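Morning, everyone. Please look at the model on the screen. I'll take you through its surface and then its core.

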Amino acid sequence: MFTQGPAVLFKWENAEGWPVEFVSENVENITGYSPDQFTSGEVSYAELVHDADIDRVTEEVAENSEEGIDRFSHEPYRIVTADGDVRWVLDHTKNVWNDREITHRQGYLVDITERKRREQKLEQFREAVEQTGHAVYITDTDGSIEYVNPAFEQTTGYSEDEVIGERPTLLKSGEHEDTFYEDLWETVRSGNQWESEIIDKRADGEEVIIYQTISPIADSDGEPQKFVAVARDITERKEYEEALEAAHEKLRQIIDLVPDLIFVKNRAGEYLLANETTADFYGMSPEAVEGSHESEVIPSVDDSEQFRQDDLEVIESGEPKFIPKEELTTADGETRILQTTKIPYQVPESGEDAVLGYARDVTDLTEYQHKLESQRDNLEILNQVVRHDIRNDLQLVLAYAETLLTYVEPEGEENLDRVLNATRDAIDITTTARDVTRVMLQSDVELRPVRLRPALESEVDDVQSNYEEALVRIDGTIPNIEVLGDGMLESVFRNLMKNAIQHNDKEVPEVNVSVTQEEDSAVLRIADNGPGISDERKEKIFQQGEMGLDSEGTGLGLHLVETLVDRYGGSVYVEDNDATGAVFVVELPLAA
């Protein structure tokens, strides 16, 4: 490398190639060539000039000479040193004349390489400032604006011509107190950097939020000479942050309204989130719970250890865990039963592993289920009593009463008939009660295809044999189809036919059964010649406990019918018969 030295003096002949006649001793400091190499003709000056600049320099010499200009300076150009380095020089030239022509040229070179490099860096910096998306402006120490970049114009809406010579106060929005600006100027004038968010007003009156840094440019004594401000428009970011904060607040309100426990704990067992329900269980506020370790929150040590074990299992496995039943001791010492789901969770801000928990207090539900189970057990016992003890005793009463028919005097036959009918009715009630209880005690039922014809024909035969005074018949042919049902399907047919007979006021009750096949269902019609059913009672006849006309029955039979048909995905309703009586219509879906 060559260092910059004083000017190098040249004297060369006015001939092609610029042969050098004289050169100062310090030429080697700049060019790397010795004076002898120039004066001996080993090196001509033209050989030093960079290929990119030689034509321009030659043309400038010729033009100046033709125009009679004897003293001139070239624009800076490059030379190539003996070591191949490229350096920038400033050339000042003088033509030397005899009487008629230029015989020599004299001049000196100044090495401006370092200055040129600084200029290039400065130009690069200027281009960077011009291209940056941040607003940049420079003021003097009094605050007068001396420079703004294009981003300043775009951010503020003011053009360069409008702000040069003005003070930054033209951007004041009125949103800040005077003390805000006093602190700003005190900071930068003392030689320190100032930075803060600031609300400015654009040329069109619209407010803009910027994040601004102002730095002093000091002299060698540390005294500020200029101030440079760099401002970034963060309006959209602030609006997004405000919207995000509003959404977060709404979400917080929602989770605090949830009556179940919602919480987040990290691997260390620290609560990162706790809704109000969670905090209430521990007799604390959500703010007090969040940031606390679970051992500081959960009253029971045993509870804390069990919860901790579950949390770590979820975090380590990365799989959710459902805990159907776990006990929690509240701050009041009350034991509550929770049904909890825990899932792996990553904290958005840090990415650390955590567990998100959702727990429902099922204490009351559990007690209610225990009560239902107890009632269910009692109902099963009662069902066994009805099905076995009472039914057996009624069958025995019926058998003995029938044997009395041949011994009773004519005047007592009516009373004996009443005994027989009442006994048969009671046996029917136990059968219906058995079916109702069976349905009530069933929790999960799997439907299956049931052949309709044999099931219906069997029940028609049984009803006919049990009610000899009635006429029960099938109209037409029952299609050979299968419907969705289970072992209780026959109870639907039996109860509808018995209902048609028992609530019939004719001397000979008639029941006609028919079946038609629709596109995806079987339609069963059971028609009778009884008194019919009013429109008002059609709406509620299937309700539990609804009795038939002039009947002392329980109404369980029709309620059972509707319950079963609904289970099968069908429907049941009542229509008027053509002449007299009613028609019960049952629609059952066909088995696939």
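Start with Leu372. At 36% relative accessibility, Leu372 counts as partly exposed, because that class lies between buried, under 20% relative accessible area, and exposed, over 50% (1.4 Å probe, protein chains only). Leu372 sits in helix H14, residues 363-403. Helices here are DSSP runs of H or I with at least four residues, strands are E runs of at least two, and both are numbered from the N terminus.

Two quick notes. This is a predicted model: local features need pLDDT of at least 70, side-chain atom pairs count only at pLDDT 80 or more, and totals for chains, interfaces and linings use all residues. Residues are numbered from 1 along each chain as its sequence is written, and side-chain values use heavy atoms, without hydrogens and water.

Leu365, Tyr368 and Leu372 make a nonpolar patch of about 290 Å². Patch residues have over 30% relative accessible area and no salt bridge; nonpolar side chains are joined within 5 Å, like charges within 9 Å. A salt bridge puts a Lys or Arg side-chain nitrogen within 4 Å of an Asp or Glu carboxyl oxygen.

Next, charge. Glu175, Glu206, Glu207, Asp233, Glu236, Glu239 and Glu242 form a negative patch. Helix H9, residues 235-257, gives the largest share, three residues. Asp233 lies in strand S11, residues 224-233. Asp233 is partly exposed, at 42% relative accessibility.

Finally, the inside. Which residues have the most contacts inside the largest nonpolar core? Phe493 and Met497, in a core of 41 residues. Such a core joins buried nonpolar residues through side-chain atoms within 4.5 Å. Helix H17 gives the most to this core, seven residues.

Technical notes
Accessible areas come from the Shrake-Rupley method with a 1.4 Å probe; for residues, only the protein chains shown count as cover. Lys and Arg count as positive and Asp and Glu as negative; His and the chain ends are not counted. The place of a charge is taken as NZ of Lys, CZ of Arg, CG of Asp or CD of Glu.
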